[in-house]
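Reader: I have a structure open and want to learn how to read its features. Can we take them one at a time?
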Amino acid sequence: MRILVVEDEEGLAESLRRGLCADGHWVDTAHDGHRGLELARTRSYDAVLLDLMLPGLSGYEICSRIRADGDLTPVLMLTAKDGEYDEAEGLDSGADDYLTKPFSFVVLAARLRALARRAATATASAGGAGTLQAGDLVLDPAGRRCRRGAQDIELTAREIGVLACLMEQPGLAVAKQDILDQVWDTPHAIDPNIVEVYVSSLRKKIDAPFGRRSIRTVHRTGYRMAPDGG
Ligand code: CA
């Protein structure tokens, strides 16, 4: 799994990083709230470990903001002592689970695995989606994996959502509004032009590096996926 650890106690952050890496995970660490939010927004993770009390932005704030982006990455909140964590506020902010310090690494690892399993099941049943394919472009929305030929491509949850909309209907024009409705939780509150931003970043990841053009613009409508992958 790719895991983000946001923890301002650097000793703890480092021991978590080492323990998780030893278990075979990829780990990024951040020691303040702003850096944590930046990483959560710009990279794709399977789980986020979020300390509650952080300089800059609190764990609650980070979690609310990534949820407001429509990012459903599982979040495990870490709290300094029993009672510090307000379960109602934590659930409002969109955290999936919490753990009180000090905790054993074994318990943490087990909770992480449980969260990741639940998330994978939820995604699979929500989308009912198997693997999508257009030529050599392959997307597994439930497993959150994408590749072009043998090359793995890292996409954010939102990019995967947008790409899945297009790949589910290869060759057909998909309206920006339809993409918005499927991928965003509060589509009425969002300008459909935001879809352009995600299509542009997708093109930079799945097309440009390979000299391909899979996502075609359909004038005044939206986009369509070239059935052969471009
Ligand atoms: Ca702290």
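Reader: Which helix does H34 lie in?
Author: H34 sits in helix α2. Helices here are DSSP runs of H or I with at least four residues, strands are E runs of at least two, and both are numbered from the N terminus. This is a predicted model: local features need pLDDT of at least 70, side-chain atom pairs count only at pLDDT 80 or more, and totals for chains, interfaces and linings use all residues. Residues are numbered from 1 along each chain as its sequence is written, and side-chain values use heavy atoms, with hydrogens and water left out.

Reader: Which residues is H34 in contact with, leaving aside its neighbours within four places in sequence?
Author: Contact means heavy atoms within 4.5 Å. By that rule, H34 is in contact with G56 and L57. The C-alpha atoms of H34 and L54 are separated by 9.3 Å, and these residues are 20 apart along the chain.

Reader: How are two packed helices described?
Author: By the angle between their axes and the distance between the axes. Axes are lines fitted to C-alpha atoms, for helices over the stretch in contact, and angles run from 0 to 180 degrees between N-to-C directions. Take α2 (residues 33-42) and α3 (residues 59-68): their axes come within 10 Å and cross at roughly 25°. The two are therefore roughly parallel. Angles under 35 degrees count as roughly parallel, over 145 as roughly antiparallel, 65 to 115 as roughly perpendicular, and the rest as oblique.

Reader: Which residues of α2 and α3 meet?
Author: From α2 come G33, L37, A40 and R41; from α3, I62, R65 and I66.

Reader: At what angle do the axes of α6 and α7 cross?
Author: At roughly 130°, for α6 (residues 157-167) and α7 (residues 176-183), with the axes coming within 10 Å. So α6 and α7 are oblique to each other.

Reader: Now the metal. What are the protein donors of the calcium ion?
Author: Donors are N, O and S atoms within 2.8 Å of the metal (3.2 Å for Na, K and Ca); water is not among the atoms, so sites may look incomplete. Here they are D8 (OD), D51 (OD) and M53 (O), lying 2.1 to 2.3 Å from the calcium ion.

Reader: Where do D8 and D51 lie?
Author: D8 is in the loop between β1 (2-6) and α1 (10-22), and D51 is in strand β3 (residues 47-51), so the pair ties together parts 43 residues apart in sequence. D8 is partly exposed, at 30% relative accessible area. D51 is buried, at 3%.

Notes:
Buried < 20%, exposed > 50% of the residue type's maximum accessible area, 1.4 Å probe, protein only.
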